Amino acid sequence: MDTNRFTRVDATTWRIEPRGAMRVPAIIYADAKLIRDMDDKVYEQAANVATLPGIVQASYVMPDAHWGYGFPIGGVAAFDPDQGGVVSAGGVGFDISCGVRTMLTGLKISHVLAVQKSLADSLFRQIPAGVGSTGAITLDEIDTDAMLVGGAYWAIEHGWGEARDLERIEEAGKMAGAKPAYVSDRARERQRREMGTLGSGNHYLEVQGIGEIFDAEVAEAFGLSTDDIVVTIHCGSRGLGHQIGTEFLKEMLLAGNAFGIDLIDRELACAPINSEVGQRYLGAMRAGINCALANREILGHYARRIFAHYFPNCDLRLLFDVSHNTCKIESHAVQGKQRELFVHRKGATRAFGPGHASLPDALRPFGQPVLIGGSMGTGSYILVGAPTAETKAFASACHGAGRALSRHAALKQWSGRKVVDDLAERGIIIKSPSLRGVAEEAPDAYKDVTAVVNAAEQAGLARRVARLRPLICIKG
Amino acid sequence: MILQQHGAERHDIKDPRAVSCTGWEHFPHDADVGVRGFGTSPAEAFEQAALALTAVVTHAEVRPLIAVQVTCDAPDLELLFVDWLNTLIYEMAVRRMLFARFDVKIEGTRLEATLWGETIDVARHAPACEPKGATYTALRVAQTEGLWSAGCVVDV
């Protein structure tokens with residue numbers, strides 16, 4: 001994008017002034033290079049979101065933003081129901097509550113290096129990953145309803161997880177307000193054999209070593225030291241979430257005229273929060289969030305089982321579990337007044353700063369862990385929500401490196417075999433059912449994750465705590 | 001002329017002989033992928049776009065061993081196209097199948113189709129990624145110089 005199209009507020013804050021149908025400005029947090037490298041579509045989509053009814057303050061965009069559908073990936077927007085605010089199925093996306101969890105292991109890099117290949121093989125065999133994979137769990141109707149209400153709590157009740165995990169999951173592992181009755185038979189059918197599966201695309205399970213600590217005090221509170229091993233899982237609500245997204249996107253699009261909402265882009269399909277379809281979507285979407293929370297809890301349980309085989313005294317403790325495709329009711333200060341807002345984060349992480357009431361006691365003085373998935377080769381980061389994130393973007397931060405090249409372009413540039421071999425030379429084992437999938441996810445197809453997190457820190461969204469380097473990556 | 005371009009850039013058809021063309025292509029999107037089919041009728045363009053959707057998942061041969069019947073209905077052709085792709089995505093997901101051959105009939109805005117395919121064989125098909133849903137982004141069903149095209153971005 002041309003930086004001259006923005007009002008530059010500071011080194012990492014770029015503002016699109018309201019024009020035309022925009023009700024509020026759009027604000028992108030990124031450095032000049034990240035802005036220049038972003039697709040023009042990000043500008044267009046950020047401005048389009050600013051036209052939606054009831055939007056509060058601004059349409060925000062995180063430093064890892066790229067061209068999405070309707071909302072940019074990396075978009076954050078809050079809506080006030082009392083001012084005609086809307087909920088948008090496109091603003092949440094198909095993979096409802098797609099997110100990341102990181103588990104501490106108490107192991108050091110040397111422990112994993114001693115069994116690296118065997119551990120990678122075992123994880124690949126036992127974690128269902130990729131298209132066509134099925135989990136060991138088959139849901140019947142009653143179980144599905146219980147799962148859609150209970151989330152991670154449901155998984156733990158069934159023995160697939162540990163109760164101590166709950167305080168380390170957003171919403172304590174169980175999203176309130178889920179309405180299974182609004183989840184269609186087709187969505188249920190899509191999920192019947194998909195519990196405890198990783199999915200495909202950019203979803204993964206990684207065994208990572210801590211390469212660098214940036215904030216010793218917070219790292220200690222998070223239980224992170226240099227050379228420690230952690231396990232990170234990235235996946236979402238699987239077929240159930242995809243189907244809920246598909247069905248409500250269509251329904252909101254068709255209902256749009258009845259609400260008198262003039263859409264600039266059909267993908268922004270939305271409904272007033274205080275409408276029947278809006279409430280129905282919220283109930284179904286929250287059930288989708290619980291599906292994702294249950295799924296990640298089950299996958300965490302599988303990881304525990306496999307690690308216990310290799311390291312009998314090993315104790316995998318959940319650092320945190322974040323979701324990055326959601327719409328949640330949150331209380332935020334707007335011009336000095338607390339308001340209950342419906343905050344959409346589409347490819348953005350909630351990033352509560354120190355003192356937030358929802359954080360467990362051990363984390364509250366420091367802030368919420370913000371887990372940033374990088375690419376297979378470049379590593380990932382653990383950040384902590386900054387005190388200023390609240391005023392900057394409704395307590396939000398980036399969620400990953402963000403793609404720099406399309407899958408299409410990646411496939412033309414790299415061979416999956418070569419990516420696997422090159423990474424193996426650097427000590428990183430990649431296991432995937434598809435070499436083409438690996439090529440599409442090649443490290444250089446992503447933006448520089450370090451540039452993204454530096455921009456997030458400079459913009460006051462989240463601060464760096466630790467950098468992780470991958471040792472084993474199971475790709476779906 | 002067959003326009004089956006694996007991983008091709010957007011292909012503009014300017015050749016007047018293209019009136020008789022059928023084919024498909026992928027077009028780039030930052031995070032996801034666009035699918036587009038071409039044909040002498042909307043039904044043919046829809047069939048070709050379905051082949052493009054299968055090619056998002058695999059470049060391996062898919063055998064037309066099992067037949068599945070589907071129907072879709074939507075207020076206009078563009079919304080029908082998204083519905084069609086979403087129906088395919090649903091059938092692929094719940095049946096664990098990939099589809100190789102399509103017979104589409106469109107009357108007004110109602111579509112009836114038979115899909116032929118086979119159960120996914122991970123070793124043989126090496127599926128690269130899973131389509132989550134068809135989007136309204138870059139959605140266009142249109143006739144240009146006698147040739148129909150139908151395309152949109154698919155979230156993967």
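User: Which residues in helix 11 of chain A do Leu119(A), Ser122(A), Leu123(A) and Gln126(A) in helix 5 of chain A meet?
Analyst: This is a predicted model, where local features need pLDDT of at least 70 and side-chain atom pairs count only at pLDDT 80 or more, while totals for chains, interfaces and linings use all residues. Residues are numbered from 1 along each chain as its sequence is written, with chains lettered from A and ligands numbered from 1 in the order in which they are written. Helices (DSSP runs of H or I, at least four residues) and strands (runs of E, at least two) are numbered from the N terminus, and a contact puts two C-beta atoms, placed from the backbone, within 7 Å. On that basis, the partners in helix 11 are Tyr302(A), Ile306(A) and Tyr310(A).

User: How many residues in that contact of helix 5 with helix 11 of chain A are nonpolar?
Analyst: Ala, Val, Leu, Ile, Met, Phe, Trp, Tyr, Cys and Pro count as nonpolar; Asp, Glu, Lys and Arg are charged, and the others, Gly among them, polar. No charged residues turn up here, and 2 are polar. The nonpolar count is 5.

User: What is the angle between helix 6 and helix 11 of chain A?
Analyst: Axes are lines fitted to C-alpha atoms, for helices over the stretch in contact, and angles run from 0 to 180 degrees between N-to-C directions. Helix 6 (residues 141–150) and helix 11 (residues 276–310) of chain A have axes 6 Å apart. Their angle is about 95°.

User: Which residues in helix 11 of chain A does helix 6 of chain A meet?
Analyst: Helix 6 brings Met147(A), Leu148(A), Val149(A) and Gly150(A) to the contact. The contact residues divide into 6 nonpolar, 2 polar and no charged. On the helix 11 side, they are Ala287(A), Asn290(A), Cys291(A) and Ala294(A).

User: Which element of chain B gives the largest share of the side that touches chain A?
Analyst: Chain B puts 31 residues into the contact, and chain A puts in 39. Strand 2 (22–28), helix 2 (77–95) and strand 9 (147–155) of chain B each supply at least two residues. The largest share, 4 residues, comes from helix 2 of chain B.

User: What percentage of the residues in chain B is buried?
Analyst: Chain B has 3 helices and 9 strands. A residue is buried if 20 or more other C-beta atoms, placed from the backbone, lie within 10 Å of its own, exposed if 12 or fewer, and partly exposed in between. Of the 156 residues in chain B, the buried ones make up 54%.
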